[in-house]
Amino acid sequence: MDGILLENVTFRYGEEKQTVLENIDLFIGKGEFVTILGANGSGKSTLSSLMNGIVLPTEGRVTVDGMDVTDESKILDIRKKVGHVFQDPDNQIVSSVVEEDVAFGPENLGIPQQEIQERVTDALSEVGMLDYRLKSTYDLSGGQKQRIAIAGILAMHPDYIVLDEPTAMLDPDGRKTVLEIVKDINRRGVTIILITHFMDEVIMSDRTVVLSKGHVVKTGTPREILTDTELLEKNNLEAPTAARLAALLRERGAMLGGSIMTKEEFVKEFDKL
Ligand code: ADP
């Protein structure tokens, strides 16, 4: 079955170094929107870098649509299939003109010029940046730079996009726009793996994987994860305010029904008391 498959993966940055990920088994199917949630240092970035061979497993196996990331003859195909968007917008811009920046990826894939131009137009439209095609990349805001980075990945026509905390350095507006774009891309059938510690980003996904100290401690729907306040707190993650309040009130005997994740759900259940 097509997807990204990690089988019993353990990772260390060097022989003597600490184990960063241990015995990870994970499958991400085509079309899914998966969030990876974990505190700082839990291994999220490393996990995301294993998904397209940026780093290779110390033990175990990682395959993308059946292709092993350690197979050098497949690595270009894998990089083409699995795009990677990083946290810092500035580190991803490679060119001073927007359209040249977006064309960089497909150029490296040896795509003919005519087709590159079409891909750049389509990708810039998808991220709402077509008007900026000839503009300088230096003048863009953080959110706009992140949209250009996403366009550069889209122009390579990936099946999977791994986004490593893409909104962490953005202001609320930039963050909102980037998330809407990510959701749209997934609606068109591209698999999304979003690394995050924002609870509202978790809510957008189909499935969440909770990582703690290099281990997968739980996978489930966003609701299953976000209403498990005990699990989140134990793993150094802050549960949504509504879920925390509901848990506190239940402890004090309040008969709050339902599994409360959002403020709206809290108010609805509170009104029933
Ligand atoms: P997260 O993304 O959840 O913050 P990371 O995958 O970045 O976690 O890091 C997990 C652990 O691996 C941390 O202890 C970190 O210090 C260590 N680490 C990350 N990158 C390197 C590296 N290049 N060399 C050595 N250790 C690293």
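1. Let's start at the ligand: one of its oxygen atoms sits 2.8 Å from a backbone N or O atom of S45. Taken alone, the ligand exposes 560 Å², and the protein buries 61% of that; such accessible areas come from the Shrake-Rupley method with a 1.4 Å probe, and for residues only the protein chains shown count as cover.

2. A word on the model before going on. It is a predicted one, where local features need pLDDT of at least 70 and side-chain atom pairs count only at pLDDT 80 or more, while totals for chains, interfaces and linings use all residues. Residues are numbered from 1 along each chain as its sequence is written, and side-chain values use heavy atoms, with hydrogens and water left out.

3. Back to the ligand. A polar backbone atom of G41 is 2.7 Å from a ligand oxygen, and for a polar backbone atom of G43 the distance to a ligand oxygen is 3.0 Å.

4. Who else is around the ligand? The surrounding residues are Y13, Q18, V20, A39, N40, G41, S42, G43, K44, S45 and T46 (near means that a heavy atom lies within 4 Å). Helix α1 (residues 44-50) supplies the largest share of this shell, three residues; helices (H or I, at least four residues) and strands (E, at least two) are DSSP runs numbered from the N terminus.

5. Now the chain as a whole. It has 11 helices and 10 strands. Its radius of gyration, 20 Å, is close to the 19 Å that the globule rule gives for 273 residues, so the chain is as compact as a globular protein of that length (the radius is taken over C-alpha atoms, and the rule is 2.2 Å times the number of residues to the power 0.38). Along the principal axes, the C-alpha atoms fill a box of roughly 65 × 45 × 35 Å.

6. Is E32 buried or exposed? E32 is buried, with a relative accessible area of 18% (buried means under 20%, exposed over 50%, partly exposed in between, with a 1.4 Å probe and protein chains only). Look for E32 in the loop between β2 (19-29) and β3 (33-38).

7. What does E32 touch? Leaving out residues up to four places away in sequence, E32 touches F27, N186, V190, T191, I192, D206 and R207, where contact means heavy atoms within 4.5 Å. The side chains of E32 and R207 are joined by a polar contact of 2.7 Å (a pair of N or O atoms within 3.5 Å; within protein, one must be able to donate a hydrogen and the other to accept it, and residues adjacent in sequence count only if both atoms are side-chain atoms).
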